[in-house]
Structure formats: C-alpha cells, structure tokens
Amino acid sequence: MISQPSSCSEKQSDMAPHMALARMITGNRVSQLIYVAAKLGIADMLKEGPKSCEEMAMVAGVHSRSLYRVMRALASIGIFTEREDGRFDLTPLAACLQTGVANSRRFTAITFGEEYHHILGSLLSSVKTGEVAFDQIYGTGYFHYLEQNPEAAATFNEFMTET
C-alpha cells in the first residue's frame, strides 16, 4: 500500500522520519500509476463526466479489472475520485492530466514514466561507471534516439511545451 499522510494538510516535515522516508521510497509507484493514467488518456476520457472502468478500458483497449486497480490506487491519493456507483471522475489533480488544458502535465507524466523511468533505474550503474545511463540502456544518445523514434519525439516535444 502507498503510504499517505493521515490528513490532507499533513506535510512530510510533520511526519515521523521513518514514515517520511517510506513515502519517498515508494514515490516511484505513484509516478508510474500517474504515468499509466496519462498514457491511456484517462483524464481526457473523463472530461465529459464520470465513467466506469469497463467503459474506459474498452476505449483504451486494456484489461478492465487491472485498470480498476490502477484507478482505485490513484483515487486513494486524490488524483481521481471513485463515486458510490463505481464510476470514476476527475479531481483538480486529474484535470491537470488532460491534453491541451492550461497547466497540463500529461506529457510530463508520460516522459518521466517511459525513458526517464528506465534511466533512473540505471542510476547506480552510471554512478559506478561514469557512463550516461541513457546511452547504456538505449545504445545511443537521447537526441539521436528521438530522431529514430517519432512517438517518443512527439511526446518529448509536447513535454517541452507544457508550462
């Protein structure tokens, strides 16, 4: 389970050190959950109103029960909300995952959830060897990689334009 503050106003600095550290350690799980929602365009699906996981899974072409677990985890930390009828709806945080809205962070979440996620997984190797993690993983420099991968380049370009 993802460690959360006991109240919305509780800050990490107000938490016991071991709890604050545990929250930091598990932070990558939260970012990967956000990445999945961003990549699937869940917030865009919900801009017209609440939907069930079955409806969203059909549109996204994913497994409904697995999406439900992701959505429940995200709702538990305030990114979406689950209604009594089992449908999910946007929160102010989730609204920032929509495409083309002011202050969108959808492509930030996708960029950090894809290549950057793999790079950070190789950080220890980079520190040990002095080699660039991206080059080690992908066998080329970042901008050459983008030239060869149009989808990644488009995501990167959108990420760079988010304010």
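Which residues does arginine 106 touch, not counting residues up to four places away in sequence?

**View 1. The surroundings of arginine 106.** In this predicted model, arginine 106 touches Ala38, Lys39, Leu40, Gly41, Asp44, Cys96, Leu97, Gln98, Thr99 and Glu162, leaving aside residues up to four places away in sequence, where a contact means heavy atoms within 4.5 Å. Arginine 106 lies in helix α7, which covers residues 106-113, and it counts as buried because its relative accessibility is 12%, buried being under 20% relative accessible area with a 1.4 Å probe and protein chains only.

**View 2. The order of helices and strands.** The protein chain contains 12 helices and two strands, these being DSSP runs (helices H or I, at least four residues; strands E, at least two) numbered from the N terminus. Along the sequence, the elements follow the pattern α-α-α-α-α-β-β-α-α-α-α-α-α-α.

**View 3. The chain and its surface.** The C-alpha trace spans about 50 × 40 × 30 Å along its principal axes, and 37% of the 163 residues of the protein chain count as buried. Among contacts in the protein chain with a separation of 6 or more, 47% come from residues 24 or more positions apart.

**Notes to the views.** Residues are numbered from 1 along each chain as its sequence is written, and side-chain values use heavy atoms, with hydrogens and water left out. Local features need pLDDT of at least 70 and side-chain atom pairs count only at pLDDT 80 or more, whereas totals for chains, interfaces and linings use all residues.

Conventions: Buried means under 20% relative accessible area, exposed over 50%, partly exposed in between (1.4 Å probe, protein chains only).
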